[in-house]
Amino acid sequence: MTRFFSRVLLARFAVAALVLAVGGPAFAAPPKFQAAHAERLAQAAPAVAPPSAAAEAPPPGDPAAILDSVKQSLDKIDVQLAVDSMTDKELVKLRSSLDPISGQIEGVISDVSPKLAAVKARLDQLGPPPDPKANPPAAPEDHAVTQERVDQQKLYAARDDLIKRANVAQLRADQLAAQIADRRHALFASAVFQTSSSILSPNLWMDAVHDMPRGLSAARVTFSEVMDQASDALSGRSAWLFGLSLIALGAFVAGAIFVARRVIPREKTGRPPDELQKAAAALWTAFAIAAIPIAGATALYTLASWFGLAVQDVKPLSDALFRGAVGVALTIGLGVAILAPNRPLWRPIDLSDRVAQRLMKLLIVLIVLITLGKLFEAFDDVIGASLPVSVAARGIFALLVGGTLVRGLYGIVAPPENAEDSDHGHPPNLEDESPWWPAIRFAAWAATIAVIGADLFGYIALSSFIVDQIAWATFVASLLFLFQKMVSEALERAFRPNSRLSRALLASVGLRRESLAQIGVLMSGVVTLTLFAVAGLLILAPWGLQSHDMVGAIESAFFGFKVGDVTISPWGLLIALGLFAAGYTITHTIQNWLEKRYLPLTQIDQGLKASIRTSVGYVGLLLSLLFAVAFVGINLEKVALVVSALSVGIGLGLQGVVNNFVSGLILLWERAVRVGDLVVIGEDQGVVRRINVRATEIETPDRATMIVPNGNLMAGVVKNFVRGDRLGRIKIPVQVVPGSDPEKIREILVDAAKSHEEIVGIPAPLVLFTSFGSSSLDFELVCFVEDVERSGRIKSDLLYAIYRGLADAQVQLATTSTSLDLDVSQIEPLIERYFAARPDIKT
């Protein structure tokens, strides 16, 4: 009960912090501070106001008026784009204003197109007017029909003009969107790829030292003015109120910390928590730890604004302090939640204690360095520091971050100095702990090298940008990990056969138990894919990319040269290869997911499972190739023309390859030969293990792999033992001596077959009396087994049983005698030569 009330109090505290954060510094401000806040808002109003569709709303249902309004809005955007001094935020607002305009255009097209098609159908029904020069002359047309044709032609022309205007407006909107993307790319490149002096340049440090006295003097003047304004604001009763507010805030934060310590999960004895409990506890821990500092910082910021302490001159520094407090709180909260350095039982990620503790220390050092760097940048903005001082400060902090990453990464992967420092007395193998570790380690080292290299070669802005992106990507990836783990585990648990939801669905909807598991896996996959897409957009957001023009922004971020209508650039080709590799990786991941997670829950046979997996691979590979080719800018129609021109050469040179490829597709869809079938090709017999693009792999009984081209399977004769079913026939011939009782022999053979558990009852075992003669009586046992692949072992068991039955019944098997016709005249010389060579033998 105590823990329940503690969680309720902490949740209310977090809601209050959220309200304060949303309300900002002016939330519920006293009256004497509202005027000043309104004046600051008026001064901070954006200079560029994008056109609003609601302000100039055309008459509803009038396509011509809508297109006129769209034209006016596009004209305004065109005029605003002519201003060269627009910022990235203003460009983003303009780009966002194009979306409702495009929606209006699409609405006009979707509204007018069916009406245009209806008018055209009526004109087709009326037909062309009679030709007066026709021979013989056509019959005169009724005046009503002629007038109807004229009216419909006028209506067709008017609606066709609307469609043309809408298409032109859409083309213009697309061109403006491309122009905005180019402007944003230019701003991003100029800001990030701006060159300056290297951090090791002596001239940079000499200029920074030379300008430092002026900066210190400006700092003294600025902060003396701030202190004067603070003294004026806190004079008299305001100082007492501010002091009491700080005491109340401190007490509130202390109480919240006390409550948070009671609600954070602790180590416990007994049964360890499952994965869902770990993920839920990690999210709750991150929330409980991060909410208190964020709420305290928000409340302190709000108090400073209420009492007039938020001086406009130092606002960049106060904003940086607030953002730094939020960043440190979120980093520590997520780090403790995911790494759990002191709570290994609640750790949701598979890491050793040593690695988790070192990663936690690395995160704390990094966020402190990044926060200090941002504070120094804000301090430089406040005092108006010179460019060399700002560049030197940013370069120093970026270099410190890079060095910390090098030391931290090396310390994590390096073995401990003492055996006691590692878990269980040996150094941890990180590759065994998580399959993602090699990729994460490679990305971390690549980012570290990029930070240090850019800093040393004079790209200080790029180095600082990479540092910011490391922090942002780590934050997004941490949230993605927690939410993905919790949602996946929750969905899989919810759709387990014995869960409450599953029982309700079984009782109400009538689903099968296997279908419930499939639904859970599918929903988990969809949610995971959605979370990854959202995380990707969030990570790419600081690069100036948005969801509606992400691909266009990536394409315009690099320079290139044109060959005809196609723009070729090395970076573009590398990105296209990366996109193809990403598509191939996603396809392979989906194939593995189908093979290991979803398809095993279905009741389809192994051959169809293999066909589905291979077909998904073909489709994914084709889509990845088309997407990569389209990204480069190559028109698919031109590719089709080139392929048509080369079709003769392809037909002659690659005839066998194309034949095998097409034959493989036919095998997959026709399923005459499936994975798992027992087939005979010529003199070879084996089980089909895999149907590839060019050939099929068949495993023979001696465990050898036979590679058969798909064309041979289509053109040759293939004997498939399991085409219709897996039922197999066994035939065992038996020969006994004459005089044996045939009925007794039949009884022995039938009993041997019926006593074996793998012999089917229908059709029943059958004994045939095939022949009899002076030397033997010939019988043949015919029976059937459920799986033809086990016929060899079952036949051996039957032979053992038949031999025991015949021996118990004292029935002798017939023996085959062989007579030799020898010529004595040829044998005698051989005998004489043998004894001549052996004098020790007396004849």
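Which helix holds both E275 and K278, and how many residues apart do they lie? Both belong to helix α8, which covers residues 275-306, and they lie 3 residues apart, about one turn of the helix. The report below starts from the chain as a whole, in what is a predicted model, and then returns to this pair and to other selected residues.

## The chain as a whole

The secondary structure of the chain comes to 26 helices and 10 strands. Of its 843 residues, 36% count as buried, and the chain exposes about 49800 Å², of which carbon and sulfur atoms supply 64%. When contacts between residues at least 6 apart in sequence are considered, 73% of them join residues that are at least 24 apart.

Two further totals describe side-chain pairing across the model: the structure holds 18 salt bridges, and a search of the whole structure finds 7 aromatic pairs. Ring pairs link F769, F772 and F779 into a cluster. In general, a pair of aromatic rings is described by the distance of the centres and the angle of the planes.

## Salt bridges around E275

The side chains of E275 and K278 meet in a salt bridge, with an N to O distance of 3.8 Å.

## Other salt bridges

Salt bridges that share partners join K71, D75, D78 and R172 into one network. In helix α5, which spans residues 143-192, D160 and K164 are 4 residues apart and are therefore separated by about one helical turn. Their side chains meet in a salt bridge at 3.3 Å, N to O, and K164 counts as partly exposed because its relative accessibility is 49%, a value between the 20% and 50% limits.

D455 lies in helix α13, which runs over residues 437-456. Although D455 is buried, it has no salt bridge, and the nearest side chain of opposite charge, that of R394, is 8.9 Å away.

What lies 3.2 Å from a polar atom of the side chain of D455? It is the backbone nitrogen of L399.

## Strands β4 and β5

G686 is found in strand β4 (residues 684-691), and E699 is found in strand β5 (residues 695-699). Both residues count as buried, since the relative accessible area is 2% for G686 and 16% for E699.

With residues up to four places away in sequence not counted, E699 touches G686, V687, R689 and A704. The side chain of E699 makes a polar contact with the side chain of R689 at 2.9 Å. On the side of strand β4, G686 is in contact with D677, L678, V679, I698, E699, T700 and P701, again leaving aside neighbours within four places in sequence. The C-alpha atoms of G686 and I698 are 5.7 Å apart in space, while the two residues are 12 apart in sequence.

## An exposed helix residue

Q125 lies in helix α4, which covers residues 88-126. Is Q125 buried or exposed? Its relative accessibility is 69%, which is over the 50% limit, so Q125 counts as exposed. From Q125 to R149 the separation is 24 residues in sequence and 9.9 Å in space, C-alpha to C-alpha.

Notes
Residues numbered from 1 in each chain as written. Predicted model: local features only at pLDDT ≥ 70, side-chain atom pairs only at ≥ 80, totals over all residues. Heavy atoms only, no water. Helix = DSSP H or I, 4+ residues; strand = E, 2+ residues; numbered from the N terminus. Buried < 20%, exposed > 50% of the residue type's maximum accessible area, 1.4 Å probe, protein only. Lys, Arg positive; Asp, Glu negative; His and termini not counted. Salt bridge = Lys/Arg side-chain N within 4 Å of Asp/Glu carboxyl O. Polar contact = N/O pair within 3.5 Å; in protein donor to acceptor, adjacent residues only side chain to side chain. Contact = heavy atoms within 4.5 Å. Phe/Tyr/Trp six-rings, centres within 6.5 Å; stacked < 30°, edge-to-face > 60°. Areas by Shrake-Rupley, 256 points an atom, 1.4 Å probe, with all protein chains shown as cover.
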